[in-house]
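Hi,

Here is the structure I promised to pass on. My notes on what turned up are below it.

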Amino acid sequence: MSNESGPAVVGEIAASLKTFAARHLVHSLLASEALGLAPADLVCMCLLQLHGPATPGWLAEMTGLSTGAVTGVVDRLERAGYVTRAQDPRDRRRVIVAPDLERFDRDIQAHAPARAPVTLEFLRGYPAAQLLTVRRFAADLAAAPAPAEPRSKI
């Protein structure tokens, strides 16, 4: 084990991730405010951007929100023109939430804060082998379970 892979390096990685998360959170809060959305609305739109049309139940599972809260999210996104609801053609009891990604992207570009917390251009400077490690790291982060409801209110 080299000196560069010990607890100090892990601590530095954790600190860098916290800094990135804080900057991303602030950017997301500003973006949701600029679009007249709640932060959870923006999270659901990001999931729909990444994964395409989905059921409200899936959005609840991915976000850790209750199904009732997701109903409110979908209502707001529908009023804003960012999603439509349709019956699932395979199961008429289910609803599919489909994003209007063109409209959402247009509004994000026009109204959200101009500077994102990070662009990924810096990745071009990494060798292919390191990019594979970064990809694995990012996939492991993404695979972490969705947050659960808070244990108690303060």
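**The core and what surrounds it**

In the largest nonpolar core, which has 20 residues, Met45, Leu48, Leu59, Leu77, Tyr82, Val83 and Phe104 touch the most other members. A nonpolar core here is a set of buried Ala, Val, Leu, Ile, Met, Phe, Trp, Tyr and Cys residues joined through side-chain atoms within 4.5 Å; buried means under 20% relative accessible area (1.4 Å probe, protein chains only). Two or more residues of this core come from each of α1 (7–35), α2, α3 and α4, and α2 gives the largest share, five residues. Helices (H or I, at least four residues) and strands (E, at least two) are DSSP runs, numbered from the N terminus. As background, nonpolar side chains tend to be buried together in soluble globular proteins.

Before you go further: this is a predicted model, where local features need pLDDT of at least 70 and side-chain atom pairs count only at pLDDT 80 or more, while totals for chains, interfaces and linings use all residues. Residues are numbered from 1 along each chain as its sequence is written, and side-chain values use heavy atoms, with hydrogens and water left out.

Which residues of α3 are buried? In this helix (residues 56–63), they are Leu59, Ala60 and Thr63. They sit on the same side of α3, because they cover an arc of only 100° around the axis, taking the directions from the helix axis to the C-beta atoms. Their cover includes α2 (39–51) and α4 (67–79). Just after α3, Gly64 has a positive phi of about 85°.

Now the chain as a whole. The protein chain has six helices and two strands, in the order α-α-α-α-β-β-α-α along the sequence. Its C-alpha trace spans about 60 × 40 × 35 Å along the principal axes. Of its 154 residues, 21% count as buried. Among contacts between residues at least 6 apart in sequence, 54% join residues at least 24 apart.

Cheers

Technical notes:
Buried means under 20% relative accessible area, exposed over 50%, partly exposed in between (1.4 Å probe, protein chains only). Contact means heavy atoms within 4.5 Å.
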